[in-house]
Amino acid sequence: MAQSQSSPRSSHQMPDAFHWGVATSSYQIEGAVNEDGRGASIWDTYAHTIGKIKNGDTGDVADDHYHRYADDVKLMQSIGVTAYRFSVAWPRIFPNGTGTPNPQGLAFYDRLVDAQLSAGIEPFATLYHWDLPQALQDRYGGWQSRDTAKAFAEYAGYVASKLGDRVKHFFTMNEFYSFVDMGYQGIEIDVGAQKVRVELAPGLHVGPAIYQVRHNAVLAQGLAIQAIRAVVKAGTKCGPADNINSAVPVVNTPENIAAAQRATRELNAAYLTVMLEGAYTDAYLEAAGQDGPKVLDGDLKVIGTPVDFVGINVYRPSVYVIPSADAPGFKAIPFNASHPHMLSSWHLLGPEVMYWAPRQVRSLWGAKEIYITESGCGASDVISPDGRVYDSDRIMYTRNNLVWLQRATAEGVPVAGYFQWSFMDNFEWGDGYGNRFGLVYVDFSSQKRIPKLSASYFKAAAAANAPV
Ligand code: GBH
């Protein structure tokens, strides 16, 4: 980049060919839930269940992106985006989960990919961002069954065979913990003095069977990687996009750094660790006891199928840790009551996680290519009298993250791209439309898009290939 050579910030740049991306997911933006042969997903069912979503919101219309995708892609281009991570809605491709594919569903993603390519935007496709075909929930109990894992691999292979001539990066599944633990068990989070239960579709409470659901999900990812590889040309890459639990050393000495690394390995035992090591950790199996997953011959080999890259969603430090003489060799310290957070109460601030998370992915598992598949924050965005949206907190959050991410790349951690969550405000799951994460503001009554000040920030950073 010519501009960078004279820039005083040139030593703070991201590596060459770094992808400056934005991310979205199908159910959160597409709408058009009954069009062109789309089948129902568990999110249609869940969102239409009274009391599940704030204000009774649903994704029926969402951002109407299904009809507005061409303008949305142009808007991305205008804010300097060079890569777009979107997700494919499984029930558009296989309305019944399995069986005969629906050509009209695939045609939408054909158009979407072509629009990106003509705008000079590199497409990154996620195959599963939580919208499981309802038919598979009904037939198999969703991820409670290995049959869903097999169905996922068939679907993944089919999509890769159709889009793989143009899409060079496929993410299998987004955030295992979210769709498994929050979907099949629900979790409790601290909100001030009290705990609040949060869950995602299908909103089940399976008890100790959760270990098996987790196992089926990582099995699905391994089977999918194999299915994708079987149909794509050389050079097409695939891997997961997981919400890593990164333990951050609170004091940066070698002992603290080692303790944090041990903690990160254990905190991801159910997902990243087993996928990247092909084995459950001893501590995980011990904790599970009799409830542990039923592991069939060959499962761990499938689960450990090598991936081309590791995608990680990084929003906050999972915990801060210090060393401990007792097994497992680390101690998680509580967040001080005054620890600052972004708008969402779960969203504790700690931008240094953007350095530690990818560094740990490399040091623990030897990853050769890493993507930050999501990072971003909700904010109290409003249109000010001059018609603009001044999201100063989102810019502060993003800049600090990018500064720490650049430090990682400068030390040789192979991060090849960053995707802001999200391109535009959208259906924020249980929070409905009330929690805005976009670089672009959306007026959901008129579908008008207004780039926020953070979109200008993103554009400037992408142009400089550096945090600005
Ligand atoms: C992402 O998950 C999703 O991939 C995306 O679809 C969503 O719109 C976006 O975040 C914004 O929420 O265990 O205390 O962290 C973000 C990570 C993980 C955040 C689970 C909420 C639950 C509370 N999410 N977490 S906590």
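A residue is called buried when its relative accessible area is under 20%, exposed when over 50%, and partly exposed in between, as judged with a 1.4 Å probe on protein chains only. The views below show a predicted model, in which local features need pLDDT of at least 70 and side-chain atom pairs count only at pLDDT 80 or more, while totals for chains, interfaces and linings use all residues. Residues are numbered from 1 along each chain as its sequence is written, and side-chain values use heavy atoms, with hydrogens and water left out.

View 1. Buried residues account for 58% of the 468 residues. Helices (H or I, at least four residues) and strands (E, at least two) are DSSP runs, numbered from the N terminus.

**View 2. Strand β3 and its partners β2 and β4.** Strands count as paired if DSSP finds at least two bridges between them. Strand β3, residues 122-128, is mostly covered, with seven of its seven residues buried. It runs parallel to β2, to which five bridges join it, and A83 stands opposite E122 in β3. Four bridges join β3 to strand β4 (residues 169-174), again in a parallel arrangement, and here F124 stands opposite H169 in β4.

View 3. Contact means heavy atoms within 4.5 Å. Leaving aside neighbours within four places in sequence, V442 is in contact with D63, M424, D425, R436, Q447, K448 and R449. The C-alpha atoms of V442 and M424, which are 18 residues apart along the chain, are separated by 6.7 Å.
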